[in-house]
Amino acid sequence: MKSLVLLVALAHVAAADPKPEAKRFEIAITKKGFEPEAIHVPANQHVTLVFTRKTAATCTKEIVVTLADGKKIERALPLDTAVEIPVTFPKAGKLGYACGMDMNK
């Protein structure tokens with residue numbers, strides 16, 4: 001009987017405190033540039049930025065995301081491959097991104 005009560009208690013705790021899933025933002029790199037051009041990120045929530053380069057016709061071969069504190073996240077963007085960047089932003093707001101040469105924004 002004790003083990004049944006313990007199982008029920010553990011199941012209740014697990015159900016009461018589920019880990020929130022990260023919000024995903026899909027960003028494509030096309031002949032037009034970044035689609036969408038910018039996104040709005042929430043504060044203090046895990047998000048996953050997913051960049052997929054769908055063309056070789058631009059100079060955007062890597063992505064640079066600048067964080068509020070000035071730090072930068074840089075990743076290579078292989079053609080037709082989704083690149084996931086998990087991140088948490090301290091403040092909500094519009095997030096911009098650029099290519100490695102800062103030409104396409």
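A nonpolar core is a set of buried Ala, Val, Leu, Ile, Met, Phe, Trp, Tyr and Cys residues joined through side-chain atoms within 4.5 Å. Buried here means under 20% relative accessible area, exposed means over 50%, and partly exposed lies in between, with a 1.4 Å probe and protein chains only.

Good morning, colleagues. What stands before you is a predicted model, in which local features need pLDDT of at least 70 and side-chain atom pairs count only at pLDDT 80 or more, while totals for chains, interfaces and linings use all residues. Residues are numbered from 1 along each chain as its sequence is written, and side-chain values use heavy atoms, with hydrogens and water left out.

Let me begin with the overall picture. Of the 105 residues, 31% count as buried. The accessible surface is about 7,200 Å², and carbon and sulfur atoms account for 58% of that area; such areas come from the Shrake-Rupley method with a 1.4 Å probe, and for residues only the protein chains shown count as cover. Among contacts between residues at least 6 apart in sequence, 66% join residues at least 24 apart, a contact being heavy atoms within 4.5 Å.

I turn now to the sheet. Four strands form an open sheet in the order S2-S1-S4-S7, with mixed pairing. Strand S2 (33-35) and S7 are at the edges with a single partner strand each, so one side of each has no neighbour in the sheet. From one strand to the next, the twist averages 25°, with axes fitted as lines to C-alpha atoms, for helices over the stretch in contact, and angles running from 0 to 180 degrees between N-to-C directions.

How do the strands pair? Two strands pair if DSSP finds at least two bridges between them. S1 and S2 are antiparallel, with three bridges, and a hairpin of two residues connects them. Threonine 30 faces glycine 33 of S2. Strand S1 (residues 23-30) runs parallel to S4 and is joined to S4 by seven bridges. Arginine 24 has threonine 48 of S4 as its bridge partner, and alanine 28 stands opposite threonine 52. On S7 (residues 82-88), S4 pairs in the antiparallel sense, again over seven bridges, with leucine 49 partnered by isoleucine 85.

Strand S4 (residues 46-53) deserves attention of its own. Seven of its eight residues are buried, so this strand is largely enclosed by the rest of the structure. Threonine 52 lies in S4 and, at 16% relative accessibility, counts as buried. Leaving aside residues up to four places away in sequence, threonine 52 touches Ile27, Ala28, Ile29, Asp80, Thr81 and Ala82.

Finally, the core. Which residues touch the most other members of the largest nonpolar core? They are Leu49, Phe51 and Tyr97, within a core of 19 residues. The elements giving two or more residues to this core are S1, strand S3 (39-41), S4, strand S5 (62-66) and S7. Phenylalanine 51, again leaving aside residues up to four places away in sequence, has contacts that include Ile27, Ile63, Leu77, Ile85 and Tyr97.
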